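Student: I have the sequence and the model open side by side and would like to go through them with you. Could we start with one of the helices?

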Amino acid sequence: IPIYTDESKEEVMKYCEEVVESLEKLVDGIELDSRDFQSPGFKFNEWEKKGVPVRIEIGKRDIDQGKIILVRRDTGEKEGVDKGEIGSRVLAVLEDIQNSLLNNSSEILKQGTHAVQSYDEFKALLKDKKGFIKALWCGSLQCEESIKYESKATTRYHFGEKEGKCIYCGKQAHEEWVFAIPY
């Protein structure tokens, strides 16, 4: 996003085009927002709402200092980067954002998945918490339909092989499944 006055517009736009050209070789989806009928603040908000992970701001002061401003969407953190390092820094920030999002979502999934040993525990957990429930299931369509009818929970995915008793009927089960209520 270029930030300029009437006097600095040409210089800022030329600098921005050079940065975009160098980044296009490394990253897909680079876009220069050259609309001059929208303010930089409007553009910041618009690109944030679209979910763009990294915003690049370039103004006359940044050019004079040989810097480019990177803004992370996930943390709002701003940093000044030398023009020559912009490509490697954008790639590093994108990778860090990806890892951060993956770690956060993995932790949320872990915290929201609960293992139960009995059907009473299963129903109580559904009443008190949202999330996923790991339980043994014999694979019987009748058990699955009864669980769905009584609790509204359905099977989501096969978690793995495990020996024990079915959460519903008590028969021998060989698989652990994840159940959840569709929203």
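Student: Which residues are exposed on the other side of helix 1?
Tutor: On that side E10, K14 and E21 are exposed, where exposed means over 50% relative accessible area, buried under 20% and partly exposed in between, with a 1.4 Å probe and protein chains only. Helices here are DSSP runs of H or I with at least four residues, strands are runs of E with at least two, and both are numbered from the N terminus. This is a predicted model, in which local features need pLDDT of at least 70 and side-chain atom pairs count only at pLDDT 80 or more, while totals for chains, interfaces and linings use all residues. Residues are numbered from 1 along each chain as its sequence is written, and side-chain values use heavy atoms, with hydrogens and water left out.

Student: And which residues of helix 1 are buried?
Tutor: The buried residues of helix 1 are V12, M13, Y15, C16, V19, V20 and L23. They lie on the same side of helix 1 because they cover an arc of only 165° around the axis, the arc being that of the directions from the helix axis to the C-beta atoms.

Student: Why would residues a few places apart point the same way?
Tutor: An α-helix has 3.6 residues a turn, so residues three or four places apart point the same way.

Student: What do the buried residues of helix 1 pack against?
Tutor: They pack against strand 1 (2–3), strand 2 (54–59), helix 3 (60–65), strand 3 (67–72) and helix 4 (86–111), with contact meaning heavy atoms within 4.5 Å.

Student: New topic: which residues are buried in helix 5?
Tutor: In helix 5, which runs over residues 119–128, the buried residues are Y119, F122, L125 and L126. They cover an arc of only 120° around the axis, and that puts them on the same side of helix 5. The face turned away from that buried side carries the exposed residues D120, K127 and D128.

Student: What covers the buried residues there?
Tutor: The cover for the buried residues of helix 5 includes strand 5 (113–115), strand 6 (132–137), helix 6 (141–151) and strand 8 (172–180).

Student: Where is K123, and is it buried or partly exposed?
Tutor: K123 is in helix 5, and at 35% relative accessibility it counts as partly exposed. The C-alpha atoms of K123 and S151 are separated by 6.6 Å, although these residues are 28 apart along the chain.

Student: How many aromatic pairs are there?
Tutor: The structure holds six aromatic pairs. Rings of Phe, Tyr and Trp (its six-membered ring) pair if their centres lie within 6.5 Å, and planes under 30 degrees apart count as stacked, over 60 as edge-to-face and the rest as tilted. In one of them, F122 and F179 have their ring centres 5.4 Å apart and their planes at 85°, so the pair is edge-to-face. That pair links distant parts of the chain, with F122 in helix 5 and F179 in strand 8, 57 residues apart. Both F122 and F179 are buried.

Student: Which residues do ring pairs link into a cluster?
Tutor: The cluster consists of Y119, F122, W137, Y168, W177 and F179.

Student: Where does Y168 sit, and what does it touch?
Tutor: Y168 is in the loop between strand 7 (154–165) and strand 8, and it is partly exposed, with a relative accessible area of 28%. Not counting residues up to four places away in sequence, Y168 touches Y119, C143, S146, I147 and E150.

Student: What about phi at K152?
Tutor: K152 has a positive phi of about 75° although it is not a glycine. Most residues other than glycine have a negative phi. K152 lies in the loop between helix 6 and strand 7 and counts as exposed, at 60% relative accessibility.

Student: Last one, on the whole chain: what is its radius of gyration?
Tutor: The protein chain has a radius of gyration of 26 Å, whereas a compact globule of 183 residues would have one near 16 Å; the radius is taken over C-alpha atoms, and the globule rule is 2.2 Å times the number of residues to the power 0.38. Along its principal axes the C-alpha trace spans about 80 × 30 × 25 Å, and buried residues make up 36% of the 183 residues.
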